[in-house]
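User: I am new to this structure and would like a close look at one part of it. Please keep to the salt bridges and what surrounds them.

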Amino acid sequence: MTHQTPPPATQDPAPPQLTLALAEKAALTSGAGDFVTTAVASCGIPAVALSDGPHGLRLPKESGDGGQLDLHSAAPATCFPPATALGSSWDPQLAHRVAGAIAAEASAHGIHVVLGPGVNIKRSPLCGRNFEYFSEDPLLSAEMGGAMVRGLQEAGVGAALKHYAANNQETDRMRVSADVDERPLREIYLRAFERIVRRDRPWSVMASYNGVNGVPLTENTRLLTDILRTEWGFEGIVMSDWGAVRDRVAALRAGLDLQMPGTDGRTDHQVVAAVAGGDLDESVLDTAVERLVRFARRTTSVVPPHREVPVDEHHRLAREAAERCIVLLKNDSELLPLDPATGRVAVIGELARTPRYQGAGSSQVTPTCLDTPLDCLHRLSGGARVDFAAGYVLPGVAATDTAGKAAPGPAPDANTDTDAEAALADEAVRLAAVSDTVVLFLGLAAQDESEGFDRDHIDLPDVQLRLLERVRAVNPRVCVVLSNGGVVRTAPWQAAVPALVEGWLLGQAGGGALARVLFGMVNPSGKLAETIPLRLEDSPSHLSFPGEEGRVRYGEGVFVGYRGYDARHCEVAYPFGHGLSYTTFAYSGLRVAQDGEGGAFTVSLTVTNTGGRAGREVVQIYSSGPTASVVARPPRELRGFASVSLACGESREVVVELARDDLAYYSEREGRRRVEGGVYRIEAGSSSRDIRLSAEVSVPGDLSRLRLSGRSTLAEWLAHPVGGPLLSERFARARPQGAGPGAMGDPVMRRFLAGIPLDVISEFPQSPVPPEDVAELAALVAAAAHGQGGRDQEGE
Ligand code: BGC
């Protein structure tokens, strides 16, 4: 796929010369406070100031004081669209610019490391923290998350890639073990981390709360050391998520460098005691200390580029980003864009006046200012008359009518009709009836989704659905605008509304972005980074989410998100990659060029803007196959994407580079990614279910590292380029002259025998291969394969 220029190699400061006492070393490996690392002034080791992240800074009130855990007292910073929205932009350059702006704010406030981005996979629509993650697809997550890492670090601010790994739910998040088979672990859950670590070189990684296959992440040597460092070459530090360490000594041994937050020295003493008592090799501590010192010097070495935050400029960037994230799901009869020259527009819904623009929990930013959709719609309305009715009460927001007067009765719950609620609904219905068009803001309240807990359904609040029903009955020209971090179910009502806009949580400037899209000043170009299912029950992880008694079994394997909906031919409300525009695009001339055997592929095609407005299209490249795979493959998988902005009538060539390795699956038996030989289909689509063009490519497979043996099945022997002919020749030789084709000539017997290991067949009476020959045959195959470098056998 097309990548940005790799970041300039960061100059690592010279290795530290350490003359630290044991206690000082132990202290360095835990925080000095909630959001600051330990300094050792006498050795010139500075403290590193950390801040959440990821879509803006959660700044301590007093700059540089190391922060505090209070979620509501942060000083103002620009609140950019959270990852759930940013993922829908499919625009890594934009993510890079947003991260650059966050880095500038960080530097200005003396923050050295931003805790993010989060690249966990949206395994279930129920995960309470989906608003903080980009996608159900690892490639899209890697491209967006990687761009953020580069954007931060090129500006001299460290990234903390999180939450490593398989942290896909909030239920029991501090204890649960994600029980994942190796193939989905590698292909889905580790993939974005792997791509980012290898390519973008984050300066730190945050180990998550959960365990994987029974071992807590903070004590997981395999994930923290064997995979992260040895396989992927990670050179930064691993910090714990806040409070994730249970056994400090075991964590150090496993490869965790920094416990966060600090424990006032309590666990430092444990480290000192373990070294003194011989339980912990001091060299393990020294290694962590060396990494931490390098990290401290690297993150604090950049002089802040400026001390003043360009607040207005960042607000404009936040709006530009939000505009790119909005997904036009449906637009029958071209209800949108609203024409300011004609008619009366009813804006209905408390969410238009009191927007939800970010999720709850550690990522909460205090915005520098906040645009509400209602104000912005008023401002941009031109000749149109815009009237407002609240329609419902958002939990946590006082019930007030159009004029802002308190409505009668107490503030109700989301699903309870009270006098206040009824009065607001009546007022909204009256307004809808006398208006030309209704823009109805629906969505989730802050209390419906948050870090710390999962949702238990994906429906909109009943009170909002009842309002929708009543509004629609008096005025069918309804455009619904959704505000939500995790997907909501649209199936029960979407057929009845002509226009539907997915507004996610759009950050502090989302109001202006929505108004500009609704009035057509911006042509929407966002595409779904996750599927919107018809029903929660259709979600591939449904039966094994969120697990029980401390374990969650990832039973759907690699069939996560669209991979699973497609494999089960499951109808969905809106597929992965879907998003409309106010214009239309035609695709033509797909070519797939292979840059020599084993090289990359260049996929190119022409996109033409065939409609009446300038617009941007995100072209998605999927692969499927190969035809005779030895593993269960999803029907299609995203392999690359590129966006193109086109004036009316304009055509442009879009080029996407794919690495050959992108076609690989993870072979558990071989312990590596492996490209199978065969014919693959390369598809270009406007969504995962709107494939416009496809081409076939024949790809040579990787050399197999497996050896044939007596335990290999007859089918495996016959499929082998050396073993197959050798065995067939033995079978032929064993048949008496003039005899018929034998068991192998009978198609049923052939299939019956195919799955039986050769050593079992060799024991059959009159077997053409007696037991004593099996080892010899295997040796012949091994020697021949070694000599001629046999290709792509199907394993044993
Ligand atoms: C969250 C992290 C966050 C940390 C510090 C934890 O609860 O899981 O994402 O960075 O707190 O606020």
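Which residues are linked in a network of salt bridges?

Analyst: Glu 143, Arg 150, Arg 195, Arg 199, Asp 200 and Asp 662 are linked in such a network. A salt bridge here is a side-chain nitrogen of Lys or Arg within 4 Å of a carboxyl oxygen of Asp or Glu. The model is predicted, so local features need pLDDT of at least 70 and side-chain atom pairs pLDDT 80 or more, while totals for chains, interfaces and linings use all residues. Residues are numbered from 1 along each chain as its sequence is written, and side-chain values use heavy atoms, without hydrogens or water.

By this rule, the count is 61 salt bridges.

Helices α3 (residues 92-108) and α4 (residues 138-154) have axes that come within 7 Å and cross at roughly 35°. Helices are DSSP runs of H or I with at least four residues, strands runs of E with at least two, numbered from the N terminus. Axes are lines fitted to C-alpha atoms, for helices over the stretch in contact, with angles from 0 to 180 degrees between N-to-C directions.

Now to single pairs. Asp 286 bridges to Lys 25, with the closest N and O atoms 2.6 Å apart. This pair links distant parts of the chain: Asp 286 sits in α10 (residues 282-300), Lys 25 in α1 (residues 22-28), 261 residues apart. Asp 286 is partly exposed at 25% relative accessible area; Lys 25 is buried at 8%. Buried means under 20%, exposed over 50%, partly exposed in between (1.4 Å probe, protein chains only).

Arg 175 and Asp 172 also meet, at 2.8 Å, N to O. Arg 175 is exposed, at 60%. Asp 172 is partly exposed, at 28%.

Glu 676 and Arg 633 form another bridge, at 3.0 Å. Glu 676 lies in the loop between β24 (672-674) and β25, and Arg 633 in the loop between β20 and β21, so the bridge ties together parts 43 residues apart in sequence. Glu 676 is buried, at 1%. Arg 633 also counts as buried, at 14%.

Strands pair if DSSP finds at least two bridges between them. Nine bridges join β20 (residues 615-624) to β21.
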